[in-house]
Amino acid sequence: MANLNLAMNFGSDPKEKPVALHKKIIDFAAISAAGMLLGGCLSTTSSMPAEMRPWMSGDVQTAWSKGYQGQGTTTTVVDDYNAAPIAGALGSTSQNRPHGDWTSTQAQMIAPQTNVRKIDFDSAANSGYSLGSGLNVISNSYSVRGSTSANYNNLPVLERTTIDHGRNGTAVVVKSAGNDGRAFDSTNGSGLKDVFGTEMIGANSAIFVGALTSNGTTSAKASMAGYSNYAGSNGQVQSQFLVVGVESAKTGLAGTSFAVPIVAGYAAILGSKFTNATPTQIARQLLNTARTDTIQGYSPAIHGQGEASLSRALAPAALQ
Amino acid sequence: MARIFNPFTFILLFTAGSATAQGAALGGGHKFLGDTSLVGLSFEGLNSAYVRQAAREGYELSNGAQVDLAQWYSPRFPNLSATFETWLSPRVSLLWGGSLGEKGEKYAIGPSGMIGFSINHPLGQRSWLHLQAYGRFGGALRESSCVGDYGAIGGVQRVNCRMASSFLPPAQTLDYLWNEPPVRDGQLKLSYEFRF
C-alpha cells in the first residue's frame, strides 16, 4: 500500500510530522492563513496595491514601473489556510498568519493585478477545480510524501487535477522543491519521496523551485539555502528546476514554500505581456532565460536552469 | 513622452551686480557681420534632450547580451544650433537663429528656428530694464520601430526599441513611439539690472 503525507515546504525548519496516509506537508519554516473559503475550498482576491518590498528582486520594481502587474491572469494558490499561524513580515509589519495566507499574499504582492484564487488543500482534497480566465498559474508550496511505490493513482483528486494541468500544459504549475536538503526526486530521511512532485517530472508546464538565501547579482552572487532540495542528477528535473532568493532575514519566512509564489508571480507577469502564449511557453521562457551568473558555484545538478530572471524572460532574444 | 508646451513664459528677473544682464540669457556675443553677433552655439536643438536621455539607456536581451540604445539614438551629425543678435539701434536688437536638425538610425529631428527681440531701457544712471521675447518653431521628432524576436513565446513583432524588454506587450509599445509635432512656443522675459 502506498503511504502518503502532505508537507508544506518551509525552509529552515523542515520538520515533518510522522507520515500518515494522505497527509500533506507544507514546505516552509514559518506560515499563516486567513483565506475566507468559499464553499469550503475557494476564495479570490483580484488585486492589491503594488508596494516594493526589500525581499523582492529589483526586476519586480522595473515591471511595475511599466504598469504591468499580472493583469488578465489567474493564479490559484493551493495551500493550507487553516494551519497554525506563523510569524512573518512580507509588508512593513510583522504578523501571524497561516501558511496559505503568506504564500497567496506573496504571489499577489509580486503580481498585484493577477486574480488570486485560494484553494485549501485539505478541504478540497477530494475535488478537482476549474481554471480561471486568461493565463492560469497554479502555486503549490507543499509536498505529498509517500512510499517509493506510491504514484499518481494514490494521490487525492486535488493533486491529480494539478498534475493533469501540468502534464496537459493547461496551466503553469509551480511546485516547491522541498526542504530536506536532498535531490528533488530522492527519498527523505524517512524513506519517503514527494509523490506529488515526482509525478510532474516531464510535465509540459511544470516548474520546480528551490531557494537561494538571497536575490543574486553578478557582484553579490547568491548561495543555495541549506534546507532547499536541489535538482540532482536527473536531467529532466534539471530542465524543470529554477531557484529564486528567499530573503528570510528580511521576512522571517524561510523555505521553498516562499520561493514558489515568486516564480508564480513572474509567470503571471509574463502572461500579461505575452497574452497569446501558452502555459508551456511561459514555463519554458522562465526556464530558458534563468541566470547562472548570479549564483555562487552554479551547477545544473544543484540549481537546475539557474535563478529566475523576470527582466530576461520579458526581453526579446534578438532586436534590430 | 511628456513635453511642456510653453506658449509664453513671463519671467521678472531682478539682478544686482556689476556684470551686465544683457546677453545673460543667450550669452555674450562675438560681432562678425556689421551689427550682428553670434550669441549662442550648441549641438542641442528642440527635442534633442529626449534622444540624449534614451541614448544613455540600455537593457539585456533574454540571452544576457546587452542592448546599448546609443547605437540607434545617436545622431550621425549633431544638431547644430546657433543664435544671433542683430542690433537695430543702441537699445533694440533682433534675436534670430535655428538648428539644422539631426537624424539617427531610429529617429529624426527636423530643423527649427527662432526669432525675437531685445529692448534695453535705462531707468537711471545705474539701472536698466531689459525686455526680451522670442518664439521657437520646428524641431519635429519622429521615431521608427525595431523588430523584436521573442522566440516561441511571442514570435517576431514590431516593437518600440526603447521598450522592447518592458512589461508591455510589444504591440502596445508602439503607442509610445515619439511622434512630436513641430514645436511652437516662446518666452517673454523682463529683467531689472542695477550696477554698483
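**Reading strands, sheets and helices**

Colleague: Which residue in E13(B) is the bridge partner of A:Leu319?

Modeller: In this predicted model, A:Leu319 has B:Gly148 as its bridge partner in E13(B). As a general idea, strands of a sheet pair through backbone hydrogen bonds, and they do so either parallel or antiparallel. Here E14(A) and strand E13 of chain B, residues 146–149, run antiparallel and are joined by two bridges.

Colleague: How many residues of chain A are in contact with chain B, and which elements of chain A give two or more of them?

Modeller: There are 25 residues of chain A in contact with 23 residues of chain B. On the side of chain A that touches chain B, two or more residues come from each of helix H7 (260–273), helix H8 (279–288), helix H10 (310–314) and strand E14 (318–319). That side of chain A is made up of 13 nonpolar, eight polar and four charged residues.

Colleague: What is the strand order of the open sheet in chain B, and which strands are at its edges?

Modeller: The order is E8-E9-E12-E15, with antiparallel pairing among the four strands. Strand E8 (102–104) and strand E15 (179–180) of chain B are the edge strands, each of them pairing on one side only. Between E9 (107–109) and E12 (141–143) of chain B there are three bridges, and B:Tyr107 stands opposite B:Glu143 in E12(B).

Colleague: At what angle do helix H2 of chain A and H7(A) pack?

Modeller: Helix H2 (99–110) of chain A packs against H7(A) at about 35°, the axes being 8 Å apart, and the crossing is right-handed. The residues that meet include A:Thr103 and A:Ile110 in H2(A), and A:Val260 and A:Tyr266 in H7(A). Seven residues of this contact are nonpolar, three are polar and none is charged.

Note on methods: Residues numbered from 1 in each chain as written. Chains lettered and ligands numbered in written order. Predicted model: local features only at pLDDT ≥ 70, side-chain atom pairs only at ≥ 80, totals over all residues. Contact = placed C-beta atoms within 7 Å. Nonpolar A, V, L, I, M, F, W, Y, C, P; charged D, E, K, R; others polar. Pairing = 2+ DSSP bridges. Axes fitted to C-alpha atoms, helices over the stretch in contact; angles between N-to-C directions. Left-handed = near helix turned anticlockwise from the far one by under 90°.
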